[in-house]
Amino acid sequence: MKTILSSLFLSLIIVVGIQAKTIQGIVTDKNNGTPIAGVMIKKGKAHLGSSDTNGKYSINAETSDILEFLYIGYISKKVTVGKETTINIALEQDNKALNEVVVIGYSTQKRSDLIGAVQSVNGEALVKQGNLIKGRVGGVRIHGTVIQPNTESYKEFQDNKFTSPLKEPLSTFAIDVDAASYSNVRRFINMGKLPPADAVRIEEMINYFRYDQASPKGNEPVSIMTELAKAPWNTENNLLRVSLKAKDVDADKLPASNFVFLVDVSGSMSSANKLPLVKASLKLLVDQLRDKDKVAIVTYAGQANVVLESTAGDQKMKIKDVIDGLRAGGSTAGGDGLKMAYDIARRNFIKAGNNRIVMTTDGDFNVGASSDADMETLITRERESGVNISILGYGMGNYKDSKLELLANKGRGNYAYIDNISEARKSILTEFGGTLFTVAKDVKVQVEFNPNFVQAYRLIGYENRLLAAEDFNNDKKVGGDMGVGHVVTAIYEIVPVGVKSSIIGSVDELKYQKTDKKTVSGNQSELATVKFRYKEPHGEKSKLQQQIVSAKAGNISSMSTDFQFISAVAEFGMLLRNSEYKQNANFESLIKRAKATKGKDDEGYRAEFIRMAEDVRALMKSNEVVMN
């Protein structure tokens with residue numbers, strides 16, 4: 001009897017030891033990090049499950065099981081289950097298979113019976129209509145879905161480097177009020193994945209938030225403030241904050257608006273997080289229209305069309321009915337749509353008013369002028385018309401961030417990414433004046449650093465907005481626009497004179513020529529001089545303002561709560577980008593600082609940032625476990 005009980009007990013131990021556990025994770029594209037839906041997960045010939053629309057999966061497996069992840073157009077990947085319960089998978093595209101489509105036949109069968117009922121066929125045998133395919137294969141009528149490879153695009157850039165003021169005393173850039181990067185990064189994190197490094201533009205993450213800064217005095221449209229503190233990720237270095245504030249204007253005193261809604265209704269906009277969200281966003285904007293405002297609506301798919309001529313703002317139901325009637329389908333003639341929108345805006349131009357195109361799109365242009373170079377040529381020509389542009393980006397999978405950022409930068413515009421209705425409300429309602437009404441245009445900043453105190457400096461962010469020193473005084477060079485109440489912030493990391501720093505690098509003495517030593521002013525109190533130029537909204541000649549920065553730096557904890565929070569966002573951005581200049585940056589420090597400086601936070605944006613930072617900290621630890 002004892003022998004039998006011992007055998008049963010031993011068997012129980014063995015069974016418990018090999019008991020299946022829940023394995024979960026997310027499957028993404030290795031190239032751009034976006035989620036992949038419908039990935040099949042197998043163990044041998046057994047099908048365990050598939051990834052959902054967000055790329056997430058949850059299956060039961062045992063330690064030592066070999067899992068295989070398969071998806072048409074990608075190279076399959078096998079992993080062995082260890083002690084972990086989270087396994088994130090990055091699949092690499094198989095270029096040989098990208099000309100194939102997935103065809104699934106539907107009938108009254110159970111959904112589970114359809115797994116594996118997949119046939120690869122040449123795409124040329126079918127007719128594609130938006131995201132659908134129709135045709136015949138081997139005499140069988142086909143009506144299914146084309147599963148597209150991920151084609152999101154981001155402009156590649158390198159972090160600004162440390163520069164010696166003896167070689168380049170002037171740092172010059174155009175301001176940037178865009179906030180698209182922050183909400184796009186949030187979209188990735190909310191899906192349980194890290195964003196591509198080039199999707200992280202630190203200046204846009206910083207400028208996503210509202211900061212408490214005094215409005216300009218008198219008739220000036222813009223004012224400046226500066227702060228200097230020890231850098232929290234390297235206390236031997238300093239951190240300089242430069243912030244510009246545009247004047248506040250009551251809504252009833254804003255000038256009359258001539259809006260043109262330019263709506264992408266191509267087939268790529270058919271998903272729930274695109275055209276339906278566009279409609280909801282535009283109706284929020286319609287609710288803000290006054291009787292003196294007017295709006296026209298232009299759509300584009302295979303061609304551009306005017307679906308609503310310029311209509312007074314008091315006819316809200318008429319405007320909303322047209323918006324509700326929009327349907328997606330066809331290719332994407334974005335260039336033609338832009339040309340028509342500018343033409344409509346010029347025909348209804350309001351002198352001394354707010355003339356603006358509001359463009360809603362995923363940026364996936366594929367008919368007519370469509371390349372980044374084509375768009376730059378078009379928008380550069382049209383921007384002199386006096387019509388500004390606001391770009392609202394939507395969607396995922398084929399999202400063209402690089403194109404939309406270029407349009408905003410070159411077209412005297414601003415750019416936001418709308419991932420949910422809350423973000424639409426923030427951009428269109430909460431920040432209505434700042435997003436849609438310009439109070440200063442072609443704003444440029446130039447900082448001159450004093451070599452008596454500054455050994456090297458680095459502008460954090462603004463890599464795509466840098467200007468040559470001589471561009472600062474050239475009124476033909478385009479800067480950035482500031483809307484009502486906008487606060488724009490830039491920060492510099494500074495290596496003080498006398499600090500031995502390995503991060504700034506060194507160059508050997510030249511062999512064939514002598515290095516000329518510049519004569520440096522004996523100024524013993526000024527760290528830098530900050531200058532900025534701007535034009536009135538309808539002016540062509542810029543005005544100059546400047547401020548002196550004292551060389552005395554305090555602890556970051558003694559600075560304004562806004563500066564402390566800004567430093568946390570910058571530190572977070574460097575960690576997300578895995579910047580070579582992150583030095584001692586860490587999540588514990590930035591999260592603690594952000595929590596301490598959350599402030600009033602009525603809308604909860606700072607609390608959301610803290611949660612994001614905590615999520616990324618966990619994601620990075622999880623990825624380290626998987627990689628190990």
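Reply: Let's start with K543, which counts as partly exposed at 40% relative accessibility. Here, buried means under 20% relative accessible area, exposed means over 50%, and partly exposed is in between (1.4 Å probe, protein chains only). K543 meets E536 in a salt bridge through their side chains, at 3.2 Å from N to O. The term stands for a side-chain nitrogen of Lys or Arg within 4 Å of a carboxyl oxygen of Asp or Glu. E536 is partly exposed too, with a relative accessible area of 30%.

A quick word on the background: this is a predicted model, where local features need pLDDT of at least 70 and side-chain atom pairs count only at pLDDT 80 or more, while totals for chains, interfaces and linings use all residues. Residues are numbered from 1 along each chain as its sequence is written, and side-chain values use heavy atoms, with hydrogens and water left out.

Now for a buried pair. D293 and R290 join their side chains in a salt bridge at 2.9 Å, N to O. D293 is buried at 2% relative accessibility, and R290 is buried at 18%.

R425 and E603 also form a salt bridge, with their closest N and O atoms 3.5 Å apart. R425 sits in helix α10 (residues 421-430) and E603 in the loop between α13 (587-596) and α14 (605-627), so this pair ties together parts 178 residues apart in sequence. Helices here are DSSP runs of H or I with at least four residues, numbered from the N terminus. R425 is partly exposed at 33%, as is E603 at 39%.

Finally, salt bridges link R383, E384, R412, D442 and K535 in a network. Searching the whole structure turns up 32 salt bridges.

Notes
Helix = DSSP H or I, 4+ residues; strand = E, 2+ residues; numbered from the N terminus.
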